[in-house]
Structure formats: structure tokens, C-alpha cells
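This report describes how parts of one protein model pack together. The sequence and the structure are shown first.

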Amino acid sequence: MISQVLTIAGSDSGGGAGIQADLKTFQMRGAFGTSVLTAVTAQNTLGVHGIHVLPLEMISAQIDAIGADFDIRAYKIGMLGTAEVIECVANSIQKYDFGALVLDPVMVAKGGAPLLQESALNALKRELLPRAKVVTPNLPETEMLTGVAVQSDTDAERAARILQDLGAETVVIKGGHLGNSASAMCRDWVFARDENLVLESPRFDTRHTHGTGCTFSACIAAELAKGTDALSAIQLAKQGISRAISNPINIGHGHGAVNHWALRDDFQAA
């Protein structure tokens, strides 16, 4: 049977992030993707121009529809926006066994627009972090969640232990914001309960990085749904997102989407 995976997140009308990026990623990684929309955004490569949060009853109805019919083996949660949506999702998912949760705590869009209300932080930490098999914050999100400004390996470990104390099993702190465009490498820190990893990749000179975080977390979820262990899934996702960034498709006039075709294991650069 084809592995089935779920994304609970917002929609990106520009196709580069959110639900659209997740479904493309699932397909490229050989998993069947299902989706629950939490919000609709008017968005393109130049920024977010409007956000409409769906009614709570519609969000819970989508989760019920998936739970009643599909054999979900892993799922990811992205943009939720408000404390009310977080609580709605948390209450709805507890009725079903959707397998391992990958939590991507989406808080700020690539262009700087806020995507998670400040009042929702406590709800996210209380309702969703304890359920997460893998949580994947970037540096600004890590600081918002833990109060730790990560500038070193020691800072990263301190922040990760705070997130694990809140219940997350494996923490991936994405270090792409550290340094500047002149930095030669990007560093991510992975903290499991019994093993730590540092994943490094070259920093590529491109503005086409929209959807990086969504795609990375969706790749992890797809691999978990296929039965891959968490650390291997993270490493595969790191390799895939590096290919997706380093082989840009150059769409849009702003921060264009990463290349989801590059997530295939048999991808060959043109």
C-alpha cells in the first residue's frame, strides 16, 4: 500500500509554500498526500497580501473526513495562525491515530509578514509541542519559543533542551538565518533524546528560497509515513532541500519557490 500522509496548514496562492508545497513534496517523495486547510492567503513571491482564517467547524470537519477514510501514517502541522485554531486542531486530532507528528511552527513569512499571532504561542507550546515527534523551528522561531537567541552550538543545545522539556522528541533547529549571505555554509542542529547531529550544506546564492521550511518538514513527514526512522528522515530531507535550493526554477519577481522536482532521489540537474 502507498504510504499516506497529511498536512494541516495554510494555503499559498503562489504555490511555493504551505499546503501546495507540502503536497508537491509528498508526491515527489512517493507518498500520497491529504490536506486540511486552516487558512487561505493571498500570496505571491513578493509577499503576503491577505489572510483569511477558515471557520473552526470547517477545520475540524476536514480532519474528521480524513480520519474516517485514510490510513495516515504521519502528518505535519504548519501555519495555524490563532490560539483558537491551535486548540481546534489539537482537540480534533486526538480522536485519530495519524502517526508521527512533524511540527513546523510557522510564525513569520519569508517577506516578514506575521503568520502566528503572539497570543497563540502558549497554546502551541501547550497543545502541540508535547505531541511532536519532530519539531523544526528556524532561528527566529526558536527564539520566540524558547527565549534563546541561537548564535552557537551551545545556544542551540540549550534551546533544544527547552523544547524537549516541553515535550518534543526530536528538535531540528534550522540555522539558515545565522550569519549572512557571505557565509560559506548553513548549519542545522538535530537533537534527539540519545543522539545529536550537525548537518551542514553550502549556502547557495539565490533568492528563490520560498517554501524552504514547509518543504523540509513535509519531506520528513513523508519519510516517516514510509517507515523511515526520524534521524534518517531528517538527513534525507536535508539532502533534498539542498538540491531544491541549488537548482532554482526562477519563477516570480521576488522570493521564488524552491524546486520541488529536485526532491526526487533520481533527480538530475539540467
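## Contact between H5 and H6

In this predicted model, Thr142, Leu145 and Thr146 of helix H5 meet Ala159, Ile162 and Leu163 of helix H6, where contact means heavy atoms within 4.5 Å. Four residues of this contact are nonpolar, two are polar and none is charged. Here Ala, Val, Leu, Ile, Met, Phe, Trp, Tyr, Cys and Pro count as nonpolar, Asp, Glu, Lys and Arg as charged, and the others, Gly among them, as polar.

H5 spans residues 139-146 and H6 residues 153-165; their axes come within 10 Å and cross at roughly 55°. H5 is therefore oblique to H6 (angles under 35 degrees count as roughly parallel, over 145 as roughly antiparallel, 65 to 115 as roughly perpendicular, the rest as oblique).

## The buried side of H5

Leu139, Glu141, Thr142, Leu145 and Thr146 are the buried residues of H5 (buried: under 20% relative accessible area, with a 1.4 Å probe and protein chains only). They lie on the same side of H5, because they cover an arc of only 155° around the axis. Their packing partners are helix H4 (121-127), H6, strand E7 (170-174) and strand E8 (185-191).

## Leucine 128

Leucine 128 is located in the loop between H4 and strand E6 (132-135). Its relative accessibility is 0%, so leucine 128 counts as buried. Beyond its neighbours within four places in sequence, leucine 128 contacts Ile77, Leu80, Ile86, Ala90, Ile93, Leu101, Leu103 and Ala123.

## Basis of the values

Residues are numbered from 1 along each chain as its sequence is written, and side-chain values use heavy atoms, without hydrogens and water. Local features need pLDDT of at least 70 and side-chain atom pairs count only at pLDDT 80 or more, whereas totals for chains, interfaces and linings use all residues.

Key
Axes fitted to C-alpha atoms, helices over the stretch in contact; angles between N-to-C directions. Helix = DSSP H or I, 4+ residues; strand = E, 2+ residues; numbered from the N terminus. Buried < 20%, exposed > 50% of the residue type's maximum accessible area, 1.4 Å probe, protein only. Arc of directions from axis to C-beta.
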